[in-house]
Amino acid sequence: MDEWAALASQEGDVEPAELRRYDPAATRKYFSTRPITLLKRGIRSFILLGGFSAKLWLDRKTRGENTSDAKRKEINTKRATQLRNLLVSLGPTYVKLGQVLSSRADLLPAEYIEELRVLQDRVPPFDDDLARRILDRELGPTADRLSLGSTPIASASLGQVYRGTWRNDEGQLEEVAVKVQRPGALVAISLDVGIIRSFAEPWRKWNNLNSDLEGLVDEWGRRFIAELDYEAEATNGENFAKAMASRSDLGGVVTAAPVFRQASTRRVLTTGWIEGVRLQDSKADDTAQLCAVALTSYLAMLLDLGYLHADPHPGNLLRTNDGKLCILDWGLVTPVSKDLSAAILRFIAHLVSKDFEAVPGDLDAMGFIPSELKGVKDPKARRDAFLEAAGTDSKVAQLTKDLEGVQEKYGNIFQIPAYFGYILRAFSVLEGIGLSSDKNYSIANECYPYVARRLLTDKSPETRRALEQLLYGKE
């Protein structure tokens with residue numbers, strides 16, 4: 001077993017009940033009674049990450065500006081392999097980070113992208129016999145109705161997936177995908193998030209950042225722990241498939257894998273087997289159309305359904321053999337309230353119609369201006385700061401960095417709310433897929449038709465005014 005799982009638990013141990021829901025105080029209390037484990041993990045993480053950072057620094061100092069393309073590619077390939085192995089050894093928290101970066105072709109060299117894509121479904125697996133013992137323990141007699149392949153067909157940060165068959169109540173065999181959670185994942189993730197959180201506030205002060213880093217880590221940890229509950233994941237996928245089937249614009253085009261509830265628990269998830277290829281790897285004529293469908297699906301979640309699939313790495317977006325889009329892995333979902341959806345919609349409309357005077361009010365409604373920052377700067381300064389960060393040519397992945405960068409110029413203007421990090425993550429991945437096939441891809445342009453249609457169907461007075469501005473301009 002890899003290092004992070006080995007430190008967490010031994011086979012047969014029950015998941016600690018106090019860690020099943022994210023609670024920083026409970027996490028501190030749990031690991032305060034295990035100081036050696038906490039210290040060993042902290043030191044190891046610091047040494048590995050610090051060592052890799054030192055290598056990158058040395059590369060920049062010794063390579064020079066006249067390095068040939070061939071030599072640069074050789075160095076990048078070497079470092080990319082080292083980074084992938086480093087993230088795997090550090091465990092699920094860092095593997096997730098690698099998965100996000102693997103779809104950012106506009107941020108990392110091609111050699112890094114190629115290596116990090118391996119993390120989407122080819123993390124080193126844990127022992128097959130152990131997986132079957134977990135399956136038997138979780139399902140009891142029902143496990144006899146499942147027949148699994150001899151080896152996993154995919155192994156990711158939190159679990160591994162087997163292709164198999166399920167004998168239904170009529171005795172017929174159905175092809176299924178069975179995901180079994182890694183042993184010790186709950187303890188390992190809680191430990192990593194706890195360590196990262198302890199450095200969040202000192203790091204914010206040291207760099208004079210506006211962002212609520214502890215809040216961001218808490219939001220991350222909360223969703224990460226929730227992702228380990230496969231029963232909740234099953235419900236999320238079922239709700240999405242039902243919502244899509246009822247829509248006139250997406251019904252029959254986008255779906256999620258059907259869930260086999262009899263063969264699913266908190267640590268085992270069984271779904272129907274989906275035949276298809278990754279959307280970004282598809283060569284079919286309708287691939288561009290399905291990319292637009294994917295974006296429309298995420299806009300529908302953000303603006304209509306009240307939740308957002310927050311882990312859309314390319315391995316979770318499939319083009320099925322019958323030409324549909326199937327979104328997999330519903331473990332990481334962030335809620336979006338109706339008021340927040342309406343505020344985001346108005347904000348987009350105001351930007352498109354160039355009604356920049358309305359931007360400060362939109363930022364307030366979206367949670368960018370907590371009570372302690374209200375009144376610190378006048379609305380015009382806040383508007384100018386945000387527009388400078390957002391910029392018409394900015395990519396999604398650059399937006400967070402730019403938002404924090406205006407701190408030096410404008411002082412305390414706003415902070416990035418925790419939920420916004422998940423929106424940026426989801427749309428940056430979709431943007432990355434688009435950029436992989438079209439270097440001029442603009443997610444803002446792709447969003448425009450859906451936003452216009454959405455504005456036409458919303459009857460609230462504020463949205464009607466935003467629609468008028470979108471159609472006719474501010475004046």
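Student: At the start of H2, which backbone nitrogen does a side-chain oxygen of Asp 23 reach?

Tutor: In this predicted model, the backbone nitrogen belongs to Ala 25, and a side-chain oxygen of Asp 23 comes to within 3.1 Å of that atom at the start of H2.

Let us stay with this helix. Helix H2 comprises residues 24-32, and its buried residues are Pro 24, Ala 26, Thr 27, Tyr 30 and Phe 31. Around the axis they cover an arc of only 160°, which puts them on the same side of H2. The face turned away from that buried side carries the exposed residues Arg 28 and Lys 29.

At its start, a side-chain oxygen of Asp 127 lies within 3.1 Å of the backbone nitrogen of Asp 129. The helix covers residues 128-139, and at 1.5 Å a residue its twelve residues should span 16 Å; the end C-alpha atoms are 16 Å apart, which agrees. Within H7, the residues Leu 130, Ala 131, Ile 134, Leu 135 and Leu 139 are buried. Seen down the axis, these buried residues of H7 fall within an arc of 150°, so they line one face of the helix. The elements that cover them include strand S1 (146-148), strand S3 (159-167), strand S4 (173-181) and strand S6 (268-272). After H7 comes Gly 140, with a positive phi near 65°.

Helix H4, residues 69-90, is built from 22 residues, which at 1.5 Å a residue should span 32 Å; its end C-alpha atoms are 31 Å apart, which agrees. Among the buried residues of H4 are Ile 75, Asn 76, Arg 79, Ala 80, Leu 83 and Arg 84. H4 is followed by Gly 91, whose phi is also positive, near 105°.

Leaving aside residues up to four places away in sequence, Leu 87 touches Tyr 94, Val 95, Gly 98, Leu 116 and Leu 119. Leu 87 and Leu 49 are 38 residues apart in sequence, and their C-alpha atoms are 9.1 Å apart in space.

Asp 192 is placed in helix H8 (residues 185-207) and is buried, with a relative accessible area of 1%. Apart from residues up to four places away in sequence, Asp 192 touches Arg 41, Leu 90, Thr 93 and Tyr 94.

Loops also contain buried residues. His 313 is found in the loop between strand S8 (307-309) and strand S9 (317-320), and its relative accessible area of 5% makes it buried. Its contacts, not counting residues up to four places away in sequence, are Gln 99, Gln 120 and Val 429. The C-alpha atoms of His 313 and Ser 428 are separated by 9.7 Å, although the two residues are 115 residues apart along the chain.

Asp 329 lies in another loop, between strand S10 (325-327) and strand S11 (333-335). Asp 329 is buried, with a relative accessible area of 18%. Its phi is positive, near 60°, in a residue other than glycine. Most residues other than glycine have a negative phi.

We may now turn to the interior of the chain. In soluble globular proteins, nonpolar side chains tend to be buried together. The largest nonpolar core holds 55 residues, of which Phe 240, Tyr 298, Leu 325, Ile 327, Met 366 and Phe 427 touch the most other members. Helix H11 (residues 287-305) gives the most to this core, with ten residues. Domain 2 (127-181 + 229-273) and domain 3 (278-474) both contribute residues, so this core lies between them. A second, separate core of 22 residues includes Tyr 22, Val 187, Leu 213 and Leu 269.

Finally, consider the chain as a whole. It contains 18 helices and eleven strands, and 52% of its 475 residues count as buried. Of the contacts with a separation of 6 or more, 69% are between residues 24 or more positions apart.

Terms used
Residues are numbered from 1 along each chain as its sequence is written. This is a predicted model: local features need pLDDT of at least 70, side-chain atom pairs count only at pLDDT 80 or more; totals for chains, interfaces and linings use all residues. Side-chain values use heavy atoms; hydrogens and water are left out. Helices (H or I, at least four residues) and strands (E, at least two) are DSSP runs, numbered from the N terminus. Buried means under 20% relative accessible area, exposed over 50%, partly exposed in between (1.4 Å probe, protein chains only). Contact means heavy atoms within 4.5 Å. The expected span of a helix is 1.5 Å times one less than its number of residues. The arc is that of the directions from the helix axis to the C-beta atoms. A polar contact is a pair of N or O atoms within 3.5 Å; within protein, one must be able to donate a hydrogen and the other to accept it, and residues adjacent in sequence count only if both atoms are side-chain atoms. A nonpolar core is a set of buried Ala, Val, Leu, Ile, Met, Phe, Trp, Tyr and Cys residues joined through side-chain atoms within 4.5 Å. Domain bounds come from an automatic or database domain assignment.
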